[in-house]
Amino acid sequence: MQLSVGQKLNGFTVVRVRSVEELKSTLVEMQHDKTGAQLAWMDNGDSNKLFSVAFKTLPEDHTGVFHILEHSVLGGSRKFPVKEPFLDLLKGSMQTFLNAMTFNDKTIYPVSSRNEQDFLNLTEVYLDAVFAPLVGWNIFWQEGWHPELDEQGNAVYKGVVFNEMKGAMANVYEVIDQDLREMLFPDSCYQYNSGGEPEHIPELTYEKYLEFYHRFYHPSNARFYLDGTVPIERTLALIDSYLAEYDRSDNLPEITMQQPVAAEETRYYEISPEDAEGDKAHFAMARILTDWSDKTRIYAAMTLCDMLAGSNEAPLKKAVLEAGLAQDFDLDISDGTAQSFTVLAAHNMDDARSGELQQLVKDTLRRVAEEGLNKEALTASLNMIEFKLRTLREPAGLVRNIRSLDSWLYGGDVLQYLLQNGTFEELRAMLDNGGFEALYKEIFLDEGEWVKLHLLPSTTLGDEKREREAERLAELQASWTEEEKAEIIRKNAELAAWQQAPDSPELAATLPKLDLSEVGPDPEWTESQEFCEEGVKGIFHPVSSNGITYLTLYFNLSDLSLEELTNISILPRLLGNLPTKTHPDTADLQLAVKTYLGEMAFMLDTSTRAGDRVHCTPWLVASCSVLDKNLAYAKELLYEVLTETVFDAKDSIRKIVLQNNESAKQYAIMAGNALAQTVAKAHYSAGAAVGEALNGYTNLQYLHDFADHFDERFDDFKALVERVMGQSVCRARLFTSMAASDKAELGDLFARFEEGTPVPEQAAYTTTVPDKLGITIPAQIGFAVRANHLDTMGCKADGSLQVACTLLRLDYLWNTIRVQGGAYGTGVSAGMSGMMSVFSYRDPTPARSLGEYARMGEVLEAYCKGDDDLVKYIISTVGSTDRLAAPLEKSMQADTLYMAGYTYEDMKRRRIEMLETTKESLAKWAEPLRKLTNEGSICVVGHTGALEACSEYGLQIVEL
């Protein structure tokens, strides 16, 4: 539909229309006549249609009110008064995105779908959610916080956001970020944790919660964003039907711009007693850089930071590491808010040496300036940043939406952070006109206001937090009169009854539903065309890649034992970060990669043939993303790193081992569900055993040992990696994959590799980790997993099993683990191979969750005997197989399916099995689910108290 300036349409007036050649789009900007609400439509022909509404939400304390509201408004509304319309939409939609997000100064509600009717359904429910939510006390208690009495009669806190943020704030890097913001922005909303600090969330009252909703969720404070082939007239009519109820408001939130301040504080973070040895302090400095309007300055500062500290070989980071002042060092720009800031952080150091660190940083920065900024290094960093910004990610419409708000939210142009051509022309001009030198001097050499944070480890902080919480609860409970106590008990009983009661058929019927006829039998599929060059077999995926080639080389490692695979798990981090024969200076190698490639990456991975649990193929994977015109450079650099890397740089390897050891610990704390699933699944297939050896508890222990005894282990490690690289990187063990708009020739690359000696296509592997394992972490929450495999039960997976998992995940598990148990997340999955697992995420009571899992078979049987409609679960299951994917993701998914031996016909048959699922076909999974939860392996990750509560399961308790 052609729209012009001044045109009026369904309550909106078009205020600006621009043809945006860089985005191959037309941007239409509108204003709502009655309320002044702003709307932007990126009309770009994308079949994925996105609706989003964003509100400027400025926190005034640490209670996380906007985070709780984000959860709450999706919990029932005027037109759709069911308990959880968000969940019901997940059950019966072909959505490609359905969620909401709380940022430091905004809350966004985006939905998208390829199907037009589905898009309109989603849009209507979200409009009703944000402009007419029920926000009753029950949803506030459930999603935010509330007190209740446990089985011993003691008061405890419950609440989804409360437990989510306990998990989030267990990560030391989150703690650093929040502590710096408090110091850097004492007069601004940015000092507050918009997600909520667990110690302060219980300070939020229901009355204050409602007040914040009415103040901030007004159309005059809203920005609507549409993307793709949306039915514009129908969409605008829907939006206007809600906005027309409001009058324009001039009481709009404004961000206080912070004047630079100086401060220095010492704070603490939680660490386990077993991890207390060594230097565990962190030191960070930050200063305000600029406001949102100067995009060029922000990107130029990012370029300088990468040039100075983007790798271990960058001059500033190298100086810090070589001086032994820290295990790791970062220099970054934090952007996406009204004011961006520069952050310098040193990790795992002796705080007594922070003064020495600051002096070294100052001296190094001066030396770099005196020697002159390295223009080649700046160009390389600039190229890398530009490539990342231009690389397509999905959902692309959502990416555009979030970037638009980086300026639009503050009164700027919608396009400011969406267009890159002009900005990078300015940045490249700065390479020659002294612009980078001037900015460098301003940020790093001129005296300015810095805040300084000393973050020290505490082995008692976790216990202290739990004790303080217990004391607050005891005081709260002691303050209750008998009438108040009775009221708390009554309200909790009402809450439990409300949570457990299904919506009436009449209420459930209010939600719009997608008809099964809207779902076709044809799956999304990326073609894999086989080829062979220089004796090397490969597959080509024709994808629309916007001038980028994605190349992946797989080298077979099936001659390695499980222990050897664990012992080379650090290898991918070394490749590209050590010298080569051609580039004896690693910095020069990294300069070449950044200059000519978008990305070069290495990993260890596995593939498994469908139906084979005994064998798998471990791979050393080398991949790159590169502009088509630079493919020759990519081939050269990949070959060089794979065949010429020198493993003599002992000190460089030591640094990487220490850094990897720490990042693995933090990942386990933040994503304990992933660690627990990796461990629990390891018992049921060779591929899973290798996965655990590379990424599970076995690998964590290996990294700890290597870090602690590096000098003793180094010679054996060096000999192993040299043997592996010398024997495995050859044509006889190579398989390759390419994704691009057009296939390029690769024979010249393959011909350079030695022919080598072939190895068996697959090998057999079994794990030795305990099948009932508890892993302690320094956190206030936990994660509980059970796993099993259908082969152990004499069953084979089909499409109906995935429907059963969808049903249990979105009904029983959601209600018992998340809603009633207070965990932030939960799920159950069954892969095409037959591997099954059930998990909880950021869970206050993992032991309780393990007990609730055991009822899944019983619940499924009861459902199959009832009258509930199955169609919505079928639609949701099928929709989950049609995810949006960027070209790189399509390539990786297609590689996995090809290596497993799955064909288009297999995927279509599985989809039809989903579409034809009946309650009879569902009922057969009740017994396997019982075996999953009664006989399967267990892994629980959590604090000591959480693991002790799981004693009945016979866990072998180990330290992280």
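Which residues does Phe224 touch, not counting residues up to four places away in sequence? In this predicted model, Phe224 touches Ala37, Gln38, Leu39, Ala40, Phe51, Ser52, Val53, Leu127, Phe131, Ile239, Leu243 and Trp408, where contact means heavy atoms within 4.5 Å.

Before going on, a word on the basis: residues are numbered from 1 along each chain as its sequence is written, and side-chain values use heavy atoms, with hydrogens and water left out. Because the model is predicted, local features need pLDDT of at least 70 and side-chain atom pairs count only at pLDDT 80 or more, while totals for chains, interfaces and linings use all residues.

Phe224 is, together with Phe51 and Tyr109, among the residues with the most contacts inside the largest nonpolar core, which has 101 residues. Such a core is a set of buried Ala, Val, Leu, Ile, Met, Phe, Trp, Tyr and Cys residues joined through side-chain atoms within 4.5 Å, and buried means under 20% relative accessible area with a 1.4 Å probe, protein chains only. Helix H3, residues 116–131, supplies the largest share of this core, 9 residues; helices here are DSSP runs of H or I, at least four residues, numbered from the N terminus. Apart from this core lies another, of 95 residues, including Leu574, Leu604, Phe714 and Met738.

Turning to cavities (sets of points on a 1 Å grid over the protein atoms alone where a 1.4 Å probe fits but cannot get out, with lining residues having an atom within 4 Å of a point), the whole structure holds 2 of 30 Å³ or more. The largest has a volume of about 40 Å³, the space filled by probe spheres set on the points, and Trp292, Asp335 and Tyr417 are among its lining residues.

Key. Buried means under 20% relative accessible area, exposed over 50%, partly exposed in between (1.4 Å probe, protein chains only). Helices (H or I, at least four residues) and strands (E, at least two) are DSSP runs, numbered from the N terminus. On a 1 Å grid over the protein atoms alone, a cavity is a set of points where a 1.4 Å probe fits but cannot get out, and a pocket is an open set with protein on both sides within 12 Å along at least five of seven lines; lining residues have an atom within 4 Å of a point.
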